[in-house]
Amino acid sequence: MAYDLVIKTLAEKDISQAVEWYAKQSQQLLPKLVKSIDNSLESIRENPEHYQKRYEEVRIVFTQKYPYGIYYTVEENTVFVHAILHTKQNPETGIGRLN
């Protein structure tokens, strides 16, 4: 059963910032980054319980080949994506977005 997926506004902003940064670095890497994020989001949507809880109810899945973590929670049949952060960023940023 696939869950509904809600990407919060700040998480959308995180994606935009990552896309902007990679666009400046290399146009060849950009589509691969987007695909990596899309694949991770689809994996979460299809099986969100597969990934372990890291901080109370917050789960994190890391993208393939790119240093980003997707912070999300599951409520009934809906997955809420709160943050998509570079692994060098403070994880408290993603956790703090739950409130």
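Mentor: Before we look around, one cut-off: a residue counts as exposed when its relative accessible area is over 50%, as buried when under 20%, and as partly exposed in between. Keep in mind too that this is a predicted model.

Trainee: Let me try that on E56. Is E56 buried or exposed?

Mentor: E56 has a relative accessible area of 73%, so it is exposed. You'll find E56 in the loop between β2 (53-55) and β3.

Trainee: And what should I notice about the phi of E56?

Mentor: First the general idea: most residues other than glycine have a negative phi. E56 isn't a glycine, yet its phi is positive, near 50 degrees.

Trainee: Where is E76, which also has a positive phi?

Mentor: Look in the loop between β4 and β5 (78-86). E76 has a phi of about 55 degrees, again without being a glycine. With 75% relative accessibility, E76 counts as exposed.

Trainee: Back to the loop between β2 and β3, where E57 sits. How accessible is E57?

Mentor: E57 comes out at 47% relative accessibility, so it counts as partly exposed. Its side chain makes a polar contact of 3.1 Å with the side chain of K53. If you skip residues up to four places away in sequence, E57 touches Y72 and T73.

Trainee: How do I compare distance along the chain with distance in space for E57 and D14?

Mentor: You read two numbers side by side. E57 and D14 are 43 residues apart in sequence, and their C-alpha atoms are 21 Å apart in space.

Trainee: Which element holds R54, and what does R54 touch?

Mentor: R54 is part of strand β2. Apart from residues up to four places away in sequence, it touches R59, I60 and F62. R54 is partly exposed, at 41% relative accessibility.

Trainee: Now the helices. How do the axes of α1 and α2 cross?

Mentor: For a pair of helices, you ask how far apart the axes come and at what angle they cross. The axes of α1 (residues 9-25) and α2 (residues 29-46) come within 8 Å, and they cross at roughly 155 degrees. Because of that angle, α1 is roughly antiparallel to α2. The crossing of α1 past α2 is right-handed.

Trainee: Which residues of α1 meet which residues of α2?

Mentor: From α1 you have A18, V19, Y22 and A23, and from α2 they meet L29, L30, L33 and V34. Sorted by class, this contact has eight nonpolar residues, with no polar and no charged ones.

Trainee: Let me stay in α2 and pick I37, which is in that helix. Is I37 buried or exposed?

Mentor: I37 is buried, since its relative accessible area is 4%. Leaving out residues up to four places away in sequence, I37 touches T63, I70 and I84. As for S16, it is 21 residues from I37 in sequence, and the two C-alpha atoms are 12 Å apart.

Trainee: T63 turned up there as a partner of I37. Where is T63?

Mentor: T63 is in the loop between β3 (58-62) and β4 (68-75).

Trainee: What does T63 touch, and what lies 2.6 Å from its side chain?

Mentor: Not counting residues up to four places away in sequence, T63 touches S36, I37, S40, Y68 and I70. A polar atom of the T63 side chain lies 2.6 Å from the backbone oxygen of Y66.

Trainee: S36 is on that list of contacts too. What does S36 touch?

Mentor: Its contacts, leaving aside neighbours within four places in sequence, are T63, Q64 and Y66. S36 is in helix α2, and at 8% relative accessibility it counts as buried.

Trainee: One last stop, at the start of the chain. Where does A2 lie?

Mentor: A2 lies in the segment before β1 (4-7). It is partly exposed, with a relative accessible area of 41%. A2 and Y72 are 70 residues apart in sequence, and from C-alpha to C-alpha they are 15 Å apart in space.

Notes:
Residues numbered from 1 in each chain as written. Predicted model: local features only at pLDDT ≥ 70, side-chain atom pairs only at ≥ 80, totals over all residues. Heavy atoms only, no water. Helix = DSSP H or I, 4+ residues; strand = E, 2+ residues; numbered from the N terminus. Polar contact = N/O pair within 3.5 Å; in protein donor to acceptor, adjacent residues only side chain to side chain. Contact = heavy atoms within 4.5 Å. Axes fitted to C-alpha atoms, helices over the stretch in contact; angles between N-to-C directions. Parallel < 35°, antiparallel > 145°, perpendicular 65-115°, else oblique. Left-handed = near helix turned anticlockwise from the far one by under 90°. Nonpolar A, V, L, I, M, F, W, Y, C, P; charged D, E, K, R; others polar. Buried < 20%, exposed > 50% of the residue type's maximum accessible area, 1.4 Å probe, protein only.
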